Every structure is written in C-alpha cells, then in structure tokens.
Amino acid sequence: MTIVYLYTALCTVGGADRSIIQKANYLADEMHQDVFIITDSQKERPPVFPISLRIRHIDIGIDFDRQYHHNLLVRGYYYFTLMHLYRKKLEYWLKTLKPDIVISTLGRELDFLTQLDDGSVKIGESHIAKPYTRNLHLMEQRGFPYKQIARHWRKKQEEAVKKLDALVVLTQHDADNWKEVKKACVIPNFLPFSPEKGSSCLEKRIISIGRYNEQKGYDRLIEAWIKVNRKHPDWHIRIYGEGQDRNSLQELIEKHHIENSFSLCPPTKSIQEKYLESSIYVMSSRFEGLPMALLEAMACGVPCISFDCPYGPAEIITPEEDGILVKNGNTDELADAICRLIEDTDKRIRMGKQAQKNIQRYSREEVMKLWDELFNTLTTARP
C-alpha cells in the first residue's frame with residue numbers, strides 16, 4: 001500500500017508528533033508499506049523525532065502561522081487565502097502519489113479532504129477528545145462572536161467526519177462522543193519504549209510531562225503541591241515541557257515560595273531516562289485524548305496519580321493496583337494521594353512493578369495489528 005499522513009508540522013516534543021512518526025516508521029520499516037508524511041507549515045525546521053529513511057517527508061510550505069496576531073477580519077482573509085492554496089497544493093500531491101490510504105488528524109484539510117478525487121480511502125485520526133478538538137472550547141469561552149464561530153466550525157467538522165471512510169479515536173469514551181455523528185473505531189497509541197528494568201521508585205523525585213497550557217492544568221498541580229511541600233519538603237517535582245503559560249506558572253510558583261521543590265524544565269529527548277529517575281508520575285490535566293505520558297511512565301515502572309479527567313486516565317490506570325485516580329479538579333485529594341505514595345514506599349514499589357506489567361497491552365505489535373486490519377478491511381471494500 002501507499003499511505004499518506006497529513007499533519008501541520010512535526011516540530012513539537014509532544015505525544016501526537018511522536019505517535020504519528022512512530023506509527024509511520026513501523027508501517028515503513030516493519031510492514032514494508034510506502035509511507036509519506038505531508039506537512040503544511042514545517043518551515044524547514046527539522047522533525048523533533050527521527051523519521052525512517054524509507055519515509056518521504058514533503059512540506060508544501062503554506063505557513064498558516066501568518067494568519068495569527070491580526071484582527072478577526074484580517075485573520076479571516078488570510079485563513080481563506082491560505083486554505084485555497086493548501087487545497088490546491090495538497091490535491092496536486094495526492095493525485096501525483098496516488099495513495100491507497102490518506103490519514104488526517106482532523107486538521108484544516110478535513111474541510112475539503114473528502115472532496116478530492118484521488119481514489120484513496122480517507123481516514124480521520126483524532127488525538128484529542130471531541131469536545132476539545134482544534135481548541136474550539138477555548139474559542140467558545142471568549143463570548144460572542146467567537147462562540148458562534150466555534151459552533152459553526154463544530155458543525156462543519158461533524159459534517160466532514162460523516163463523509164470519511166473511517167474515524168479512529170483513542171478511547172472508548174471518545175468513541176461514545178462521536179456516536180451521533182459517526183461510528184468510531186478505537187485504536188490507542190502504542191508504547192514508544194519498554195525498558196526491561198523499571199524505576200526503583202526510591203528517589204525523592206516526582207515527574208510530569210506536557211505543554212505549559214490550560215489543558216495540562218499545572219496551576220492545579222501547583223495548588224496541590226503547596227500542601228505536599230509542607231509535609232514533605234525533601235521531595236522535588238519536575239515538569240518537562242514548553243508553552244505560552246510558562247511565565248505565569250513560574251510567577252505562581254514563586255508567589256507560593258515553592259521554587260526550591262517545583263521546577264519547570266525544558267523538553268528533553270532523553271525522557272525515558274527522566275522517568276527511570278523518578279518515583280511517581282502526576283497528571284493534572286483538565287482533559288486528554290489518550291495521555292502518552294501515562295503510558296510511558298508506567299512502561300518505566302513508575303506509578304501514576306491522575307485526575308479522572310475526560311478522557312483516557314480511567315482506561316489506563318487500574319486504581320490502587322498500578323496507580324491512583326482522584327476526582328477531577330479536587331486538588332486536596334490530589335495532594336493527599338501524592339502524600340500517600342510518598343509515605344508508603346512498599347506500595348509505591350509494588351504499584352510501579354504492576355504498572356510496568358499491566359501497560360504491555362499497549363505494545364506496538366498489538367496496536368499496529370489493529371491498524372493493519374482496518375487498512376485491509378477498507379481497501380478490500382473499496383470499489
């Protein structure tokens with residue numbers, strides 16, 4: 001088969017970028033498919049994760065970042081001008097490559113993808129839960145007219161998804177979100193690594209991974225940590241990420257005088273080493289798709305504590321066996337859960353070992369088997 005992935009830019013040290021590249025690499029190297037990744041705004045930046053030499057990466061040079069930092073009217077003009085160019089260039093490449101499968105991560109191309117007559121099977125792959133796609137929930141919070149614009153885009157997205165040959169989501173909860181629009185197929189992301197030996201869970205170190213933004217809820221984690229720090233000042237938490245909220249989070253840390261135990265660290269490509277040096281993983285997100293950081297931490301034998309946010313943590317963590325789930329947004333409960341694992345070394349070690357065992361259901365072989373079955377079913381049914 002010839003398979004094309006569509007993505008805006010492979011330049012973020014994040015779960016979606018890593019997942020797309022690793023799946024593409026597996027398809028090319030292990031399953032010997034012809035794989036292409038088409039981006040629109042790479043802007044000559046190197047991909048953050050290594051891409052197989054068997055894969056051809058094509059950037060069509062639209063640069064959608066040009067639309068930002070303008071008023072609504074100017075931004076609208078830029079958007080529709082760039083979208084016209086995007087459609088024209090993407091149509092050229094799809095008709096040139098003649099792929100069997102085209103996979104969209106429900107980005108901008110979704111608006112016109114099913115209208116392109118290139119003969120391919122069109123699959124949508126969602127990396128975030130339906131209510132939060134394209135950050136429309138943030139637009140809705142800005143009042144009129146943004147709420148109306150967000151409502152228009154949601155309706156447009158749903159109409160486009162209906163026309164896809166298949167929709168793939170990461171969790172059963174999200175599949176339920178889409179059931180009124182289209183029946184969704186659940187295929188999770190797979191483990192990016194699986195070290196033989198896990199963390200000792202003896203270091204007085206806690207870790208979290210993610211962008212410094214509203215979704216990851218680090219303001220809530222800071223609130224919980226204030227209580228933890230009073231009881232256990234010898235423990236330290238490190239967050240690895242980048243994002244627009246970094247300065248405001250640092251100010252909050254300094255306001256509460258916890259800078260000696262709460263660190264905001266830049267992204268790192270040696271994240272496996274950081275997990276193995278840690279004893280607890282904490283996730284404070286307001287929402288998720290399928291949080292790769294939980295999978296990664298558990299693969300490294302690190303017990304996880306997470307808000308039971310929509311969606312993902314409840315499908316990954318087995319409460320009190322390999323981690324702890326707490327009520328979404330309850331920072332007192334989050335602090336208490338962290339203190340419990342800090343104070344019970346035996347339980348921490350036991351949970352870590354069980355986490356490493358339980359998470360193997362997300363092995364790459366098991367997950368890619370599901371993708372192979374989907375591809376074969378869709379292409380066989382194609383006229």
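**Figure 1. Strand 1 is covered on both of its faces.** In this predicted model, Thr2, Val4 and Leu6 lie on one side of strand 1, while Ile3, Tyr5 and Tyr7 lie on the other, and all of these residues are buried. In a regular strand the side chains alternate between the two faces of the sheet. Strand 1 spans residues 2-7, and because 6 of its 6 residues are buried, the strand is largely enclosed by the rest of the structure.

**Figure 2. Strand 1 pairs with strand 2 in a parallel arrangement.** Strand 2 comprises residues 34-39 and is joined to strand 1 by 6 bridges. Within this pairing, threonine 2 is placed opposite aspartate 34 of strand 2.

Figure 3. Isoleucine 3 has isoleucine 101 of strand 4 as its bridge partner. Isoleucine 3 is among the buried residues of strand 1.

**Figure 4. Helix 1 crosses helix 13.** Helix 13 is formed by residues 364-381; its axis comes within 11 Å of that of helix 1, and the two cross at roughly 75°. Since angles of 65 to 115 degrees count as roughly perpendicular, helix 1 is described as roughly perpendicular to helix 13. Helix 1 contributes Lys23, Tyr26 and Leu27 to the contact, and helix 13 contributes Arg364, Glu365, Met368, Trp371 and Phe375. Divided by class, the residues of this contact are 5 nonpolar, no polar and 3 charged.

**Figure 5. Helix 6 packs against helix 7.** Helix 6 covers residues 218-231 and helix 7 covers residues 246-255; their axes are 10 Å apart and form an angle of about 10°. The two helices are therefore roughly parallel to each other. Tyr218, Asp219 and Ile222 of helix 6 meet Leu249, Leu252 and Ile253 of helix 7. This contact involves 5 nonpolar residues, no polar residues and 1 charged residue.

**Figure 6. Asparagine 229 is a buried residue of helix 6.** The relative accessible area of asparagine 229 is 16%; this residue counts as buried because the value is under 20%. Leaving aside residues up to four places away in sequence, asparagine 229 touches Ile258 and Ser261.

Notes
Residues numbered from 1 in each chain as written. Predicted model: local features only at pLDDT ≥ 70, side-chain atom pairs only at ≥ 80, totals over all residues. Heavy atoms only, no water. Axes fitted to C-alpha atoms, helices over the stretch in contact; angles between N-to-C directions. Helix = DSSP H or I, 4+ residues; strand = E, 2+ residues; numbered from the N terminus. Parallel < 35°, antiparallel > 145°, perpendicular 65-115°, else oblique. Contact = heavy atoms within 4.5 Å. Nonpolar A, V, L, I, M, F, W, Y, C, P; charged D, E, K, R; others polar. Buried < 20%, exposed > 50% of the residue type's maximum accessible area, 1.4 Å probe, protein only. Pairing = 2+ DSSP bridges.
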